[in-house]
Amino acid sequence: FPVTICHVTSLELSRRLKELGVPQSSHFVWAHGDLVPRNNIVIQTSDSDIVPAYLASELGELLPEEITVGDKTYRLRIKKTHGTKEWLVKYITPTGKRKSYTTLHMAIEGFQRKSLPEALGLMLADVLENHLISVEELGK
């Protein structure tokens, strides 16, 4: 099926992830503002107008399943919300009470967007910017 901009991270978020050092191994790229398959373009290392456009599956592979802060372990939670039908991405930890959760401090509400790649990309940027994981830990 044809990939459209709703299937990948926005150009703005893609640039932010590139600046944070996220691996440039996406199947699609933003090339001079256009979305194209990576294998359809010759990329020169000096070309700053070529930016990875990440699919949800690629971001899901990069985000850690768990993040440990102090003595608490937070688990990645991805769900589609009722009503708005938007994607919600956040890290949570059980508090010991039935169906009660504490959300990781830097993303209290998580990231909720119509686009799953956008919500996942925002979470990835946030955990990197808040030094909860390093680029070297991505995908492990």
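This is a predicted model: local features need pLDDT of at least 70, side-chain atom pairs count only at pLDDT 80 or more; totals for chains, interfaces and linings use all residues.

Me: What makes a residue count as buried here?

Reply: A residue is called buried because its relative accessible area is under 20%. In helix H1, residues 11-19, Leu 13, Ser 14 and Leu 17 are the buried residues, so each of these has a relative accessible area under 20%.

Me: Why are the buried residues of H1 said to line one face of the helix?

Reply: Viewed down the axis of H1, the buried residues lie within an arc of 105°, and therefore they line one face. In general, an α-helix has 3.6 residues a turn, so residues three or four places apart point the same way.

Me: What makes Glu 12 and Glu 19 exposed, and where on H1 are they?

Reply: Exposed means over 50% relative accessible area, so Glu 12 and Glu 19 are above that cut-off. Both are carried on the face of H1 turned away from its buried side.

Me: Against which elements do the buried residues of H1 pack?

Reply: They pack against strand S1 (28-31), strand S3 (50-53), helix H2 (56-62) and helix H3 (116-129).

Me: Which residue just after H1 takes a positive phi?

Reply: Gly 21 does, with a phi of about 90°.

Definitions and conventions: Residues are numbered from 1 along each chain as its sequence is written. Side-chain values use heavy atoms; hydrogens and water are left out. Buried means under 20% relative accessible area, exposed over 50%, partly exposed in between (1.4 Å probe, protein chains only). Helices (H or I, at least four residues) and strands (E, at least two) are DSSP runs, numbered from the N terminus. The arc is that of the directions from the helix axis to the C-beta atoms. Contact means heavy atoms within 4.5 Å.
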